[in-house]
Protein chains: 4
Amino acid sequence: MVERRVGLWLIGACGGVGSTTALGLAALARGLTPPTGLVTALPRFGGLDLDRPAAFVVGGHDIRQASLLSAVRELHGRSNVFDARLIEACAGDLEAWSANLRPGVAYRPNPVLAALADRPDFRPAATPRAAIDQVQRDIRAFQAAAKLDQVVVVNAASTEPVFEAGDEQQSLARLLPALDLPTAALPTSGIYAFAAIDAGFPFVNLTPSRGASLPALEELALMRGVPLAGQDLKTGETLLKSVLAPMFARRNLRVLSWVGHNILGNRDGLVLNDPANKASKVQSKEALLGELLGYRPQSHVSIEYIESLGDWKTAWDHVHFEGFLGTKMTLQFTWQGCDSLLAAPLVLDIARLALLAQRRGESGVMAHLACFFKSPLGVNEHDFGRQFELLERYVDPSA
Amino acid sequence: MVERRVGLWLIGACGGVGSTTALGLAALARGLTPPTGLVTALPRFGGLDLDRPAAFVVGGHDIRQASLLSAVRELHGRSNVFDARLIEACAGDLEAWSANLRPGVAYRPNPVLAALADRPDFRPAATPRAAIDQVQRDIRAFQAAAKLDQVVVVNAASTEPVFEAGDEQQSLARLLPALDLPTAALPTSGIYAFAAIDAGFPFVNLTPSRGASLPALEELALMRGVPLAGQDLKTGETLLKSVLAPMFARRNLRVLSWVGHNILGNRDGLVLNDPANKASKVQSKEALLGELLGYRPQSHVSIEYIESLGDWKTAWDHVHFEGFLGTKMTLQFTWQGCDSLLAAPLVLDIARLALLAQRRGESGVMAHLACFFKSPLGVNEHDFGRQFELLERYVDPSA
Amino acid sequence: MVERRVGLWLIGACGGVGSTTALGLAALARGLTPPTGLVTALPRFGGLDLDRPAAFVVGGHDIRQASLLSAVRELHGRSNVFDARLIEACAGDLEAWSANLRPGVAYRPNPVLAALADRPDFRPAATPRAAIDQVQRDIRAFQAAAKLDQVVVVNAASTEPVFEAGDEQQSLARLLPALDLPTAALPTSGIYAFAAIDAGFPFVNLTPSRGASLPALEELALMRGVPLAGQDLKTGETLLKSVLAPMFARRNLRVLSWVGHNILGNRDGLVLNDPANKASKVQSKEALLGELLGYRPQSHVSIEYIESLGDWKTAWDHVHFEGFLGTKMTLQFTWQGCDSLLAAPLVLDIARLALLAQRRGESGVMAHLACFFKSPLGVNEHDFGRQFELLERYVDPSA
Amino acid sequence: MVERRVGLWLIGACGGVGSTTALGLAALARGLTPPTGLVTALPRFGGLDLDRPAAFVVGGHDIRQASLLSAVRELHGRSNVFDARLIEACAGDLEAWSANLRPGVAYRPNPVLAALADRPDFRPAATPRAAIDQVQRDIRAFQAAAKLDQVVVVNAASTEPVFEAGDEQQSLARLLPALDLPTAALPTSGIYAFAAIDAGFPFVNLTPSRGASLPALEELALMRGVPLAGQDLKTGETLLKSVLAPMFARRNLRVLSWVGHNILGNRDGLVLNDPANKASKVQSKEALLGELLGYRPQSHVSIEYIESLGDWKTAWDHVHFEGFLGTKMTLQFTWQGCDSLLAAPLVLDIARLALLAQRRGESGVMAHLACFFKSPLGVNEHDFGRQFELLERYVDPSA
């Protein structure tokens, strides 16, 4: 029997999350690291027919002229993560996969991001359709060249400004004509999403950008039988909120205010330093508190780019709450986590579960993946424990 | 129809938790405070036939010559809690209930506690049986005088040293003869538990002391048809552990070490400063980490008496964990909570649910109350979210 | 011998700092509280001829229709500070002093502040000169009525937007003509400063507003023989910076970034929530890091209004620094201080030292008071230890 | 002119501090790292005739069979410090210097330390004198072989239990006879100190062990004209105390309690986990608070060995203080520093200043080095700012 081979196509492949995911895949495939941080490596997932790390081939888009290896080395140097010997042991894989990288979409790019673009082959497209065609050609060529049974497309690019949907995005019938005109019918993340879905590739959105979360694109996913997952990976401060806020709610302790300050020094932080991009992120981080508590306490979320921190995101949260007889009390926490290393194993988890879903014939939003996201598509549940039960029930419906 | 009247009998009535519970009952009955902090005030408990605050009469044992009012005033002065006007508005109730207080059991008391005893009527009993008889006479007299339909007995006394059970405590048949001899067959908390259960009163143990958690006493509870709850109320650091540790487990992040330092300045802290008493508490706080994670990381828990803090317990926890590719990360939190005010509403919750259980004819350990305790009787589940589901299912079995 | 009597004239008398200062004066004069927090109560100040608390009479300006007593009660209720009995014991003094309050200056007020004004006698002045005249009339009337030997004027009002000085403020000769025209020649704080100095009253600026820190006003102070002190009281996060940054500098540890987040819920916080007002404050807080370290690391200071905190300012600072062989390390601190209670004793210290200086015939900037301020007038030294030595040498030049 | 050559003899050479110091010297000599963390690299020390890094040769004693290179590699692996390329670039120096290592003193060793000893040539001495002779032979052989003008001896070994001095240690006359008998006249650190001083080598004690701080040894130092420095390097939590406590004192804020918890996972932590060894350390850390504040608030210091932290010492301090009108406030800090990298540059500083002092003909305790130590010999000043002024005045007496 021929072994299954699958592709992981990363949009923003040379970013921290993308390149760490690639390094992690190589290290796991070579047996050089335990699967710490991978949810799908927990015993309860043992019965699923998930793809082994060695079954994956990596490719992707990026707007910068970097290789996966150089990206990993830069992260190592700036943020003091990874063992130098591990990088060397996986260097060959990273270099081989870097040959699969193609220039990112250049249709009306966000100015902050465009300033980072330095690939000579980063060339403007005239319409959304032209950009979509180019993306599809790239991924299909990758699939053919590497002889892959399936490819999952993952948006690991930087956050883009808030995109307000209008009439055009409400149905496929209205959207299609607009794609042939030089309009702003889709943001960059939507172009990738459309391209992937339309070509039959499961699409995963790790960011707060719009991605596939537009009625027209969800319609397309059902039509093409493609599974979707998103959005905005839940890795740090928000993960903590999603376990702590339910605790306050169940104990009937009234949260008076919740203040969260996030500082970080990676490219994601740099892009978020731009107010338009930051708005998407803060919106995604703030909304869930009201859902979890049943009321909206005063809340404040900030994100600042502090260069010296590199990929180490530090969050300080101050929760002021009222207990019995009006007594005000405080919980503070400080989270010091390395963003790329928290995200990368989850990318593998989601990719594996998306590929499995496609093989099972499931399409549209995968609600059972809510536990991975800050703004889970198709699910109003933000309590991490309950979200995790959705996943457990998917894995074992009899439980 | 005559309204139901119920009694709350507090062992250690003039401690911080006992006196705050009494103040809270009075304030709630008079409509002077919202029920913040009461779990049973959440909407999902609306359908239960729980006793209203105004239905309660308070009595109890104490070894110190204090009144509920003086205890509340001392707490106000030392710890800057309660509104002075609220105390004055409830002073009459507290004084009336103080008349129901009786001297605590004086059978082989712990030296640290005995040193605090200053009631002139605190007199030694010759055998466990003599002490049990005295306790039962006190509570029955209270019930008769106040014309109460039911009385729930709650151990809110200071923590006692670890009590190692031997053969005598394994069955009622073996225990009964020992009670008539001047033996150490039961620790003080066990004497109260035996007295309450034997007389048909539901027994709740808020502390890590043994209480009713001995085979002979559980046998007695089933025989007498009495509900039991315990033990060691989960109000602060451990509550946080019980929501945070499952988060690490579900994300497959490996906890390397978990260090918790607790500082507090109330009488509970003073008693815990004695190593023998502290051992019970630390044991109760440490055990659950292994259960929640599935392995035992290095852990360290300390509790120190810092006088200036009064009732404000401050906990600093440092969690060191490993993520993907061996990356070590850190979560720290600081919890600043007022112990008595976190505990008191839960005392009311448990008392109401215990009285309800008795009316429903339930007896023995109330497993559905696991979410309130650090070492829940009869339940191995320590995940707060899952424990809370046990309670929700009890309230609404169809959910 | 007739005892000396002195006046403390507070601009913004009913704010947190003003009203707490009044309460403190009354409590100290009545012997109801120890002088904790008063620098001038330290033994080394014992030899100075400072005014006793009982020698003080309080008056002031405010734009709100509040009394000192109501202001103190509001602070008690919102922020859980002060003992209720202490307030009652001093209520008579506070009410008597409230009769000395006059409406604040209404010349081109800052919109955020104007929105808070609710005194019916708060009436617009046509020119700076008209406003100055009104202020002088008020203070002189107070001095005459209370038979005071001296009066010190203290700006305890909310922070105003950054005032950029032009040519007019460079000398008295240029400034004077502008005062008679409806110009913006002086910000509100400058109008008070001019009025006080011109009338011979020592002027103290507790805020980052301009106050007397304009060449024309310093000229006037020397001409009139009036001592000046300012500006921006150093009570919390910045105080810590001024002892911690020198430590890093002396150990040659390189500060890479210093992030400070401040959250607070008092009226000062509300006013600072307006970006124009906040700019003054942040500027004052950020400048000193470069001075203390000798280079400017990346720094970020935020101030947010979080209502539930009341007067409790909480600051979280994250200091990232590099040690030997490029090793990055971290110091974090959390400061939970009550702003008004940190500031009030310093107001008394500065007032006493200003009155003493005037009696000694000193005029112009009092450089020996640098240790009290974030942006000390006339001194470049920001190291708290060295600033304190300036004060010690003033007290004892032989030391 | 022949360049001066000097020796650095490290007792405990293969510990974290010793081996990091060696790596740092090599890296500085090769120009591979900036002198961050070296106090003597600050501009104000530019005029002193200090030895350049390249002038140093390293040797030392250790009881374990390790090389400087293996020690550095272990630290790199366990604690994620040092750049792997830096280690390789300095490997030759470290290997060459490792040839200068000799077995540590084996006279009545502390059981915890003895258990770590694994050198086959670690052989017991019969008397203190025999041990001293051996130490002197080792260092003199090093000096001769490497043709060194001077050698400074630095105790960087693990902390030993508290040594209570008796009559024998009060004068040289009483001590000398005892050295020839199998007595406990000197602890291990005292044997090294005696050997160094007696042979004319400046002696520096980085630890809280007794070292040279005995009257008989100070007498010997003056007799032999040898400079002394110590004791217990001030690198983290105590350094912060020595800048923060003076701040509270100068502001007349009353410290109610100061709690400090230290967790660390290096060999120092392992040795300190033994209660006898820990006592020396805690004693050294606690004493200074009373000196700095002028009164002794309740204080608590703990040190625990948490393996996963490696060389990263994390300290959490909780300072509870009272301000004006009895208001209780809080300062908390968390210090995350790498012990060896904080200590190593200071070792170089002290070594350079000790060698300079010897050339200048100074002998006995070097009081100007107080700023480096938790328990500075010969100085009661614990305020870091004032201690630093002692050093500045030594460097520039006219300042």
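Okay, let's start with how the copies sit: turn chain D by 180 degrees, shift it 0.0 Å along the axis, and it lies on chain C with an RMSD of 0.0 Å. That superposition is by least squares on the C-alpha atoms of residues with pLDDT of at least 70 in both copies. So the two copies are related as by a two-fold rotation axis. In chain D, the C-alpha nearest that axis belongs to D:Phe333, at 2.0 Å.

Quick housekeeping. This is a predicted model, where local features need pLDDT of at least 70, side-chain atom pairs count only at pLDDT 80 or more, and totals for chains, interfaces and linings use all residues. Residues are numbered from 1 along each chain as its sequence is written, chains are lettered from A and ligands numbered from 1 in the order in which they are written, and side-chain values use heavy atoms, with hydrogens and water left out.

Now, the contact itself. Chain D puts in 62 residues and chain C puts in 62 residues, where contact means heavy atoms within 4.5 Å. The copies meet through the same surface, because 100% of the interface residues of chain D are also interface residues in chain C. About 4,900 Å² is buried between them, with 65% of that from carbon and sulfur atoms; buried area here is the accessible area (1.4 Å probe) that two parts lose on being put together, summed over both.

What about polar links? Between chain D and chain C there are 16 residue pairs in polar contact, both residues at pLDDT 80 or more. That means a pair of N or O atoms within 3.5 Å; within protein, one must be able to donate a hydrogen and the other to accept it, and residues adjacent in sequence count only if both atoms are side-chain atoms.

On the chain D side, β10(D) gives the most, with 11 residues. Helices (H or I, at least four residues) and strands (E, at least two) are DSSP runs, numbered from the N terminus.

Strands pair if DSSP finds at least two bridges between them. C:Phe333 has D:Phe333 as its bridge partner.

Last one, chains C and A. A rotation of 180 degrees with 0.0 Å of shift along its axis superposes chain C on chain A, RMSD 0.0 Å. Here too the same surface serves both copies, with 100% of the contact residues of chain C recurring in chain A.
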